[in-house]
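Colleague: I am new to this structure and would be glad of a guided close look. Could you pick one part to start from and then lead me on to what lies around it?

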Amino acid sequence: MSDTRPLIEMKNIDLIFGTFQALKDVSVSFDSGELVGLVGDNGAGKTTLIRILCGMHAPTNGEVYFDGQKINRFNPRLAIDLGIETIQQAVGLCNNLSIARNFYLGREPVKRRFGLPFLDFEKMRKKSESVIREFGLRENVSADDEVEILSGGERQSIKIGHAVEFKNRVIIMDEPTNHLSVREREHVNRLAVQLKEQGLLVIYITHAINQVHGISDRIVILENGEKITDIKSRDCTAEELINIIRHGGRVGLAENRG
Amino acid sequence: MRGAIKRFSKRQDFGAIASAGIIFIVFSVIDPSGWLSLSTLANVSHFSAILGFLAMGEALVLISKEIDLSLGSIYGLVGVAFITLAESLGIVGAFFAAMVLALLLGGINAFIIMRGNLPSMIVTLSTLFAYRGIIYVWTGGTIKSFSEAARAHWLTRLFGGEFFGIENAVVWAVLLLFILNTILQRTRTGNHLLAVGGDAESALSHGVNVVRTKSKAYLLAAGLAGLSGIITLCDKPQTHVTLGTLMELEAIASAVIGGCILTGGRGSVIGALIGAFIITSVRYELIALGAPSAWFITFVGIVLIVAVLFNQALSRWLLRSSA
């Protein structure tokens, strides 16, 4: 039983903000070594759903299991400790801090001097320097440079490098290629596939099916806070999926299922 | 060498350091006998230290993208508590009670702001009035002072006395500057303060406890303001109800002159202390040169604007010349 158990299982999730129901009875599960495209129009509830996984929201109703364990408290620290890392376009890097400081934000290594814990800059620089080189940043970027000077693609590369470095089990990529150049986009998508091949669960959120259809194993479509499709990528074409989104899920799935 | 100069010129507090140097030289040239006398330098450094404690605390709060308008009232109330409680608790007891009070007042600020999810500007404006009001209620408007024995007590001397001709207040300010700068630049707490001020959501996504981090800034600021009140009264053990009035604004001005920005994430405690020096020395020297003292508060405003403009022009000029 245990080997077929999904890594993450979300059961009958409702999330209500005031009078607005952001998620309606969503049940979905994710496995290790899988690249899942989470797709839907703006406001469909994609980001809200993953905000539960990264501990920013607690569901109003429903249950979440991680590796078979029921999650009772939702906070970002717990998500980080479980090895869930979210890569978002606008969030994750503080512009005013150096790359090295950003890289270890929240789990800064310390070196004791006179019994007091001081930041271990040497280690922070060394590790982030190697990520800068490995993940294809410009040659003249150093670990001491502020994140402010990086391009959008470089920022995403840093976040992905961070996720890999800290041996996470789940990488959630929220619209990771918005505002990126074509080359940078391909670079990021290649990294996503690499992560999956290393056995990580990658949840790739986008509103553009074409972005993710080619690289994903499975596509989950949300619409108005509800899950309307959950299908293997090879069992359908991108066009069929776009059609589903276009009609807000009112087109049946039967004709799409192989 | 070029790299070192470039790095130095990119510091948040570079403008303040340069301004302070220029002000010092200009005053030495136009008023060599008055400005460069031991008593002037002792006074200026003493008042800079007193204001500097508040400025450094305010810098930490500003860096975390908050603001504390109640520091002047905390300064006054804690000072009053120190003097008043000394009668019943003794000097040492009163010191600890007053410091606990300072942390309590800062804690109240942090609690209301964080729990109520309210803007710090409004909450600390309210506590500015509320804490000041307690001074009126507690003292009934009367002046309290130390007995001769209390003035001679070792703890009073430790904070109010001199050390080889240097006012102890200055020694404490420099010591705390070193500690606070180390905390800000070289510890996890410092990294979190900068991160929370720069981008709270990103900090949160890395598991940084935003509420706890910001609360630390309020507690440190209140503790520093309280200590400053105690140090002031150890030197001149007499309270009046207006003790510390407007000091929070001078502290904010000092922190801003020192390179803090109101949008958070950037700033320097070194700069804040130097900013306090700039405000204090301009005040002192203008009065010494015969400017009417009533104009002082106007001068603070002018100094603030000039300093900020100078900071901006300087960084733009450096950016161009280093490119």
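## A helix and its surroundings

Modeller: Happy to! Let's start with helix H1 of chain A, where A:Lys46, A:Thr47, A:Thr48, A:Leu49, A:Ile50, A:Arg51, A:Ile52 and A:Leu53 are buried. Please keep in mind that this is a predicted model. Helix H1 of chain A covers residues 46-53, and eight of its eight residues are buried, so the rest of the structure largely encloses this helix. After H1(A) comes A:Gly55, which has a positive phi, near 80°.

Staying in chain A, you can look next at its sheet. Four strands make up an open sheet in the order S2-S1-S4-S5, with antiparallel pairing. Strand S2 (20-30) and strand S5 (69-70) of chain A are the edge strands; each has a single partner strand, so one side of each has no neighbour in the sheet. At the S5 end, strand S4 (residues 61-66) of chain A runs antiparallel to S5(A) and is joined to it by two bridges. You can find the pairing by eye at A:Phe66, whose bridge partner in S5(A) is A:Gln69.

The contact takes 19 residues from chain A and 18 residues from chain B. On the side of chain B that touches chain A, the elements giving two or more residues are helix H10 (188-198) and helix H11 (200-205) of chain B. Sorted by class, that side of chain B has eight polar, five nonpolar and five charged residues.

Let's finish within chain B, at a pair of helices. Helix H13 (residues 247-257) of chain B packs against H14(B) at an angle of about 115°, and their axes are 7 Å apart. The crossing of these two helices is right-handed. H13(B) makes the contact with B:Glu250, B:Ala253, B:Ser254, B:Ala255 and B:Ile257, while H14(B) brings B:Ala272, B:Gly275, B:Ala276, B:Ile278 and B:Ile279. By class, the residues of this contact are seven nonpolar, two polar and one charged.

B:Ala276 has 30 C-beta neighbours inside 10 Å, so it counts as buried. Setting aside neighbours within four places in sequence, B:Ala276 is in contact with B:Ser48, B:Leu51, B:Gly52, B:Ala55 and B:Ser254. As for B:Val44, it lies 232 residues from B:Ala276 along the chain, yet 9.9 Å separates their C-alpha atoms.

Conventions
Residues are numbered from 1 along each chain as its sequence is written. Chains are lettered from A and ligands numbered from 1 in the order in which they are written. This is a predicted model: local features need pLDDT of at least 70, side-chain atom pairs count only at pLDDT 80 or more; totals for chains, interfaces and linings use all residues. A residue is buried if 20 or more other C-beta atoms lie within 10 Å of its own, exposed if 12 or fewer, and partly exposed in between; C-beta atoms are placed from the backbone. Two residues are in contact if their C-beta atoms, placed from the backbone, lie within 7 Å. Ala, Val, Leu, Ile, Met, Phe, Trp, Tyr, Cys and Pro count as nonpolar, Asp, Glu, Lys and Arg as charged, and the others, Gly among them, as polar. Two strands pair if DSSP finds at least two bridges between them. Axes are lines fitted to C-alpha atoms, for helices over the stretch in contact, and angles run from 0 to 180 degrees between N-to-C directions. A crossing is left-handed if the near helix is turned anticlockwise from the far one by less than a right angle, and right-handed if clockwise.
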